[in-house]
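Morning, everyone. Please have a look at the model on the screen, and I will walk you through it.

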Amino acid sequence: MDLLERADELATLTRLLAETSAGGRVAVLSGEAGAGKSTLAAAFAEAAGPRAQVLWGACDPLLTPRALGPLHDIARALGGRLRERILEAPRAEVFDLLLEALDRPPQTARPVVVLEDLHWADEATLDMVAFLGRRLALCRALLLVTYRDDEIGPDHRLRNVLAGLPPALSRRVTLPPLSRAAVAELAQRAGRATPEVYEVTGGNPLLVTEVLAAEAEGIPPTVRDLVLSRLSSLGEPARDVARLVSVVPARAESDLLRGRAGAVDECLARGVLTTSGDGVAFRHELLRRAVEEALSPVRRKALHAEVLAALTTMPGVDPARLVHHAHHAGDAEAVLRWAPTAARRATQLGAYRQAVAHYATALALAGDRPAQERAELLEEHSLAAYHAGLGVDAIEARQSALRLREELGDPLRIGDDLRWMARLSWWNGRPDDARDYCWRAVGVLEAAEPGPELAAAYSHLSQLYMLANEEPAAIEWGSRALDLALQAGDRDTVVHAMVNIASARLQRDEPEGVTGLREAFDLAVAAGLDDHAGRALVNLGTIAVDRYALDLAEETFERVLPFLTARDLDGYVRHVLGHRARVGLARGDWATAAGDVEEAMASGATPGAYLVPALSVRAVLRARRDEPGAREDAMLARERGYRANEVQFVGPAAIALAELCWLDGDLERVRAEAWHGLGVAERAGHAWFLGELAFWLWRAGSEIPPSAVAASAEPFRLMVTGEWRAAAGAWEKLGCPYLRAEALSAGDADATTEALRIYDRLGAVRPARRLRGVLRERGMPVPRGPRPATAADPIGLTGRQREVLALIAEGLSNAEIAARLTLSAKTVDHHVSAVLGKLGVRNRGQAAVVARKLGNSPHVGNDGDS
């Protein structure tokens, strides 16, 4: 296949295929519509020949995308268990079967998975790409994905998925338009040597090809004119076939064109259509749309109805396709029949946003359906929206369902909807509404026959009390839930209640809390209750962080993160990463903390307060490092955390803002934020948050109630009472260097010198600057600032970091850098994270580009930092 100006890109793909002998690789191919992405992928497959087993899957521009549409294409090619199970198996099993198939390729070929047009991908397909990206190193396969870079906005989830691909295993390939010289050469080959070809097409390969293939003289000004002029040369039966195919995204199966073989052959012979699998299609989506948009509304509607009628007689058709054609045919009955089916299938596969879209399509037409049917659709819609992170949609749908249930007078379903309203209200940062709804649920269900619904309501009430740090009530209601759930044989609520009770006990510093949460985790895993299992260890780790039990927190996060990631429990993952960042912040491992924060924040907005830990850490890091954005992060954490009105969120937000205001010299604002947080911490009886907030009040010159000082955790109590030496020792014992420096900063000359040394080592620019100013005012010795080697570097890299950057530019992996510099792999990981942060880039490839701009070999010198 002759490709102009694509040799480098083809070589990159070929090189990546060769590299799969050492583990999986990912190629990300982007460009505008018609840039030649599919053509390049096909040329690569042809060039690879028997060395590759190429598996093709494509996303379609349907009204609502097919859930895992590309994987269905691949399953048909692979066969085996994947094809047998894809229609009914849970998503986790389907993904595992795909990975298993890729891990057992034919001996003579490497698997190459081509996923085209990811700008149209459903949520489950994007999850699949993320899943493969995290695990591809385990098998020797190449994942090649394509998308239109001009069709994804800044908030498109595809951007986050691509950013999460492992940088060391991934390559980005962008296809630019053809140059004027390349277009001139193609025009000369076609005997159409005219400069107008480049001017009209802008070098877009598809448009160049179509213009040069046109039989008419002159240059058609638009794609629509070009395609319609070609259609005019066909006979009427062939034109009818092209029109029919134009309303079928992707391809039209042979069964849709039965009895029209001659007309199909004419379309193929004249280049209007091309073969695609077991059917035919336009050579590009732009060409298909040009024909479709030229149809009158009446004809377009009739053609969709014709396709719908044919598809409903064919086995195994994805219901999302039926919804698409039913909607465009104006067939409300067919939409109401197939949209809920498509939504339930999408939900099963984790394509929750697609499920929400299907339910919305059905509900818009269900006004005259029985209340029972509408209530069920609304409840399913609400659940899908909850899993999709669409909080407002979830609440509105559940409220509508609740009104219908109240009209129907079904107490069990009323109670269940009230319990869900409680859950959704808390999730969206409305804790007072949550408790009101939960008490209403309990009242309704207690008036009915006791059963699993009442047990679930009790357990949810227990959870709300636990989250509010009202431990006695949490344990009481959790015990009621546990007893009733055991009687009803409801394992789901049994585990849920166990987690609530154990979490409350841990919050009271009872050792039974740790053992209880671990026991609940094991029981949940055995029962296949992944969400409850995740919550058990998430609670264990996050409560441990709040109490500076950092070893327990690290051990728990190390265990739970792989569990959560393997099950795509991304909401929990992001929350845990925010708390692990708090551990890194306390330990002085700021590079790792910053990396965890960015990963937690990478997947877009989340309702409620889940991102408060990550926002608080980023605000503090930016403030200490004198970087922009600290105030914006702190204010967003404040908004989310204060609205939740629970100490687990109010505490970190108030502490972050108090520290930021102190560094700004705004002592009045320090006192305001610290007093607000202190009130919440006192109400919760939380010694650690109470102590840290009391510390900021003390720093801002406020008189602190003796009861608050007495109730504070010891290291903070020592700081507030002026026992800086004992406080520094306590923080050293806990492994918290920055807080040790904070204690030492209140001490004598030797202590402040040590504090400055710690600040400088950590990169705490503003605290160090502030302390030096205080020492000058007191007439005390002022140690010099950071070493000249670091200060002289225009980017602020240390000597060791410059060495690491040089080796990144050479293309070395972290393991290879560790071996070259005789460092541990973890230390290198920290250095790489620090380098990326200081350069302001997201990955190693961008860092290498910066390094080359600075000079192919950044100055390498060892200033002793390791």
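Some ground rules. This is a predicted model, so local features need pLDDT of at least 70, side-chain atom pairs count only at pLDDT 80 or more, and totals for chains, interfaces and linings use all residues. Residues are numbered from 1 along each chain as its sequence is written, and side-chain values use heavy atoms, with hydrogens and water left out.

First, the overall picture. The protein chain holds 46 helices and eight strands. Helices (H or I, at least four residues) and strands (E, at least two) are DSSP runs, numbered from the N terminus. The C-alpha trace spans about 95 × 75 × 50 Å along its principal axes.

Does the radius of gyration agree or disagree with a compact globule? It agrees: a compact globule of 866 residues would have a radius near 29 Å, and the protein chain has 31 Å. That radius is taken over C-alpha atoms, and the globule rule is 2.2 Å times the number of residues to the power 0.38.

Now burial. Buried residues make up 56% of the 866 in the protein chain. The cut-offs are these: buried is under 20% relative accessible area, exposed is over 50%, and partly exposed is in between (1.4 Å probe, protein chains only).

Next, contacts, meaning heavy atoms within 4.5 Å. Take contacts between residues at least 6 apart in sequence: 64% of them join residues at least 24 apart.

And the surface. The accessible surface comes to about 35,800 Å², with 51% of that belonging to carbon and sulfur atoms. These areas come from the Shrake-Rupley method with a 1.4 Å probe; for residues, only the protein chains shown count as cover.

On to helix H16, residues 319–329. Nine of its 11 residues are buried, so H16 is largely enclosed by the rest of the structure. The buried ones include Pro-319, Leu-322 and Val-323. Arg-321, His-324 and His-325 are buried there too. What covers the buried residues of H16? The cover includes strand E6 (252–253) and helices H15 (297–311), H17 (332–348) and H18 (352–363).

Look at both ends of H16. At the start, a side-chain oxygen of Asp-318 comes within 2.8 Å of the backbone nitrogen of Ala-320. Just after the helix, Gly-330 has a positive phi of about 70 degrees.

Now single residues. Arg-148 sits in strand E4 (residues 142–148). Is Arg-148 buried or exposed? Arg-148 is buried, with a relative accessible area of 3%. Its side chain makes a polar contact of 2.6 Å with the side chain of Glu-151. A polar contact is a pair of N or O atoms within 3.5 Å; within protein, one must be able to donate a hydrogen and the other to accept it, and residues adjacent in sequence count only if both atoms are side-chain atoms. Leaving out residues up to four places away in sequence, Arg-148 touches several others, including Trp-120, His-119 and His-284.

Asp-633 is in helix H32. Asp-633 is buried as well, at 5% relative accessible area. A polar contact of 2.7 Å joins its side chain to that of Arg-622.

Asp-117 has a positive phi of about 60 degrees although it is not a glycine. Asp-117 lies in the loop between strand E3 (110–116) and helix H6 (123–135), and counts as buried at 17% relative accessibility. Asp-626 has a positive phi of about 65 degrees, and is not a glycine either. Asp-626 lies in the loop between helices H31 (612–625) and H32 (630–644), and is partly exposed at 40%.

Last stop, Ala-710 in helix H36 (residues 706–711). Ala-710 counts as exposed, at 62% relative accessibility.
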